[in-house]
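Biologist: I would like to learn how to read a few features of a model. Please give the general idea each time, then the case at hand.

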Protein chains: 2
Amino acid sequence: MTVLALLDGTIVDHTAPLLRADDLGPLRGDGVFETILVVDGRPRELGPHLERLARSAALLDLSPPPRADWERGVEAVLGAWREPGEMALRLVCTRGVEGGDGTPTAWAMGTAVSPEVLRRREQGVSVITLDRGYAPDLVERAPWLLLGAKTLSYAVNMAALREAARRDADEVVFVATDGSVLEGPTSTVVLAEGRHLRTPPPDSGILVGTTQLALFRAAERAGFTTSVEPVGVDELVGADGLWLVSSVRQLTQVRTLDGRELPDTGTRAALHSELTDLLASEYRV
Amino acid sequence: MTVLALLDGTIVDHTAPLLRADDLGPLRGDGVFETILVVDGRPRELGPHLERLARSAALLDLSPPPRADWERGVEAVLGAWREPGEMALRLVCTRGVEGGDGTPTAWAMGTAVSPEVLRRREQGVSVITLDRGYAPDLVERAPWLLLGAKTLSYAVNMAALREAARRDADEVVFVATDGSVLEGPTSTVVLAEGRHLRTPPPDSGILVGTTQLALFRAAERAGFTTSVEPVGVDELVGADGLWLVSSVRQLTQVRTLDGRELPDTGTRAALHSELTDLLASEYRV
């Protein structure tokens, strides 16, 4: 099932064309997006997602529709959704028609979370590390590279996932030229050392993870300590737990890294179970 | 004027929507494109452009429509075009609908070359250099970064041009971390040292320039020598001529670099005039 809504709240046929051929979204990958998990009709972290969308748009000098419009589109999708199970809700905004008046093209679109994503959440994933080609201090000196903005220009992220498939792996962790861990193509990296959680810093040119923020919040309340600091790729194997975290995949455990089984220090399964419950508890009514 | 054609040769209203909201073009910038200059109804370098489109698609594991389909779309646009002057003809191909059967979404679209482009061709441009953030040997060790593929993920290229505008400049030359010259966001860099033309090598992660190739071919016939080799950013100022070269901008002279007027060694205007004529002579019937 797919439900497509315009930001005036109209539901439109998702199989009918929506964008012009001269829209800067398809022509240039020029726009921003967010993906939000909806469980039992309730979108998770909608506020932080809308705030991040606004931050991405600002990095692109793009004026997105106001928050009330997004909320209207979201409500329309939620109201028209008729399936049980989880929904991935995408909010997309392009720069609009080339040479036009600057009005962005925007929509909200809900699709069912795929069985494959759910299976990986249960069973974990095999991951390869791939060189992202830049130094972690690049973001500050080269804002035009849009590092840290969630843009529609995701061809490289998709190519990285195809490279993983070619190597019989499920997922990717990007690594900077100095060997520090960045992020997955569509996820945040989180590792545990005992009851301490770590994730790499956004100033290394990666996206701030809305789900990682929610996880850290929940974990801190349960007595975990957390830090946002550089992580060396060599530290991943020795961690007590390693996850790819995102809205739709939630906490997905990394099982193997570059073909090597991650050693179970005895606490891996228990940690995963505890953190998964803690994150879920954030959304219990 | 804009003329939009499908690859079956149908002309369609370019103001009507063509792409679905779940097309991987707008969702992920996942696709490839080419821009071809059409003068007096004749497309320039159509063959090399179609070959480059196929190479880009191969780097993305994308199966583009066959050449005959592109040619049918091109013919349709050319047949429906009713204006004097030059046309920019874009060929665009996305990966198609997400979760679909893999059929790409493709179209051919002609628009008039803007007066601004023509003005810059006459008067030259002011250029800033911007850090592209990667080393020139990256392309070989990280093919998943799609360096050298002309993808629809051009948000960074567009952001670089906005950065130029912010600094009161027209254009950008990207520079690698070792100080070597790469390319413009939508152009190839060519410099002259006397009657020798140079351009940076594609294995530094840049696009092979179809217009640069045509220029070198024409120049060699007129007695110029040429080389494809690394160019240091420090070499640009001292050159006898410096151009941004692309299909639509043809040979556009660089007038200032990072705010500094390029010194006229006395031959700049003559060289520009001679090379412009040589390139044009490639297409004289």
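**Pocket, copies, cores and backbone**

Modeller: The second largest pocket has a volume of about 290 Å³. This is a predicted model, in which local features need pLDDT of at least 70 and side-chain atom pairs count only at pLDDT 80 or more, while totals for chains, interfaces and linings use all residues. Residues are numbered from 1 along each chain as its sequence is written, chains are lettered from A and ligands numbered from 1 in the order written, and side-chain values use heavy atoms, without hydrogens and water.

Biologist: Which residues lie nearest the centre of the second largest pocket?

Modeller: Rolling a probe the size of a water molecule over the atoms shows where empty space is left. A pocket is an open set of points on a 1 Å grid over the protein atoms alone, where a 1.4 Å probe fits, with protein on both sides within 12 Å along at least five of seven lines; lining residues have an atom within 4 Å of a point. The volume is the space filled by probe spheres set on the points. Here 15 residues form the lining, and Arg121(B), Glu122(B), Gln250(B), Thr276(B) and Ala280(B) lie nearest the centre. Six lining residues come from α9(B), the largest share. By class, the lining has seven charged (Asp, Glu, Lys, Arg), four nonpolar (Ala, Val, Leu, Ile, Met, Phe, Trp, Tyr, Cys, Pro) and four polar residues (the others, Gly among them).

Biologist: How are chain A and chain B related?

Modeller: Copies are superposed by least squares on the C-alpha atoms of residues with pLDDT of at least 70 in both. A rotation of 180 degrees with 0.0 Å of shift along its axis brings chain A onto chain B, at RMSD 0.0 Å. The two copies are therefore related as by a two-fold rotation axis.

Biologist: How many residues does the largest nonpolar core have?

Modeller: A nonpolar core is a set of buried Ala, Val, Leu, Ile, Met, Phe, Trp, Tyr and Cys residues joined through side-chain atoms within 4.5 Å, where buried means under 20% relative accessible area (1.4 Å probe, protein chains only). The largest has 92 residues, and Leu91(A) is one of those with the most contacts inside it. A second, separate core of 26 residues includes Phe33(A), Leu152(A), Leu207(A) and Leu19(B).

Biologist: Is the phi of Gln250(A) positive or negative?

Modeller: Most residues other than glycine have a negative phi. Gln250(A) has a positive phi, near 50 degrees. Gln250(A) is buried at a relative accessible area of 11%. Glu45(B), also not a glycine, has a positive phi of about 60 degrees, and Glu45(B) is buried at 12% relative accessibility.

Key: Helix = DSSP H or I, 4+ residues; strand = E, 2+ residues; numbered from the N terminus. Buried < 20%, exposed > 50% of the residue type's maximum accessible area, 1.4 Å probe, protein only.
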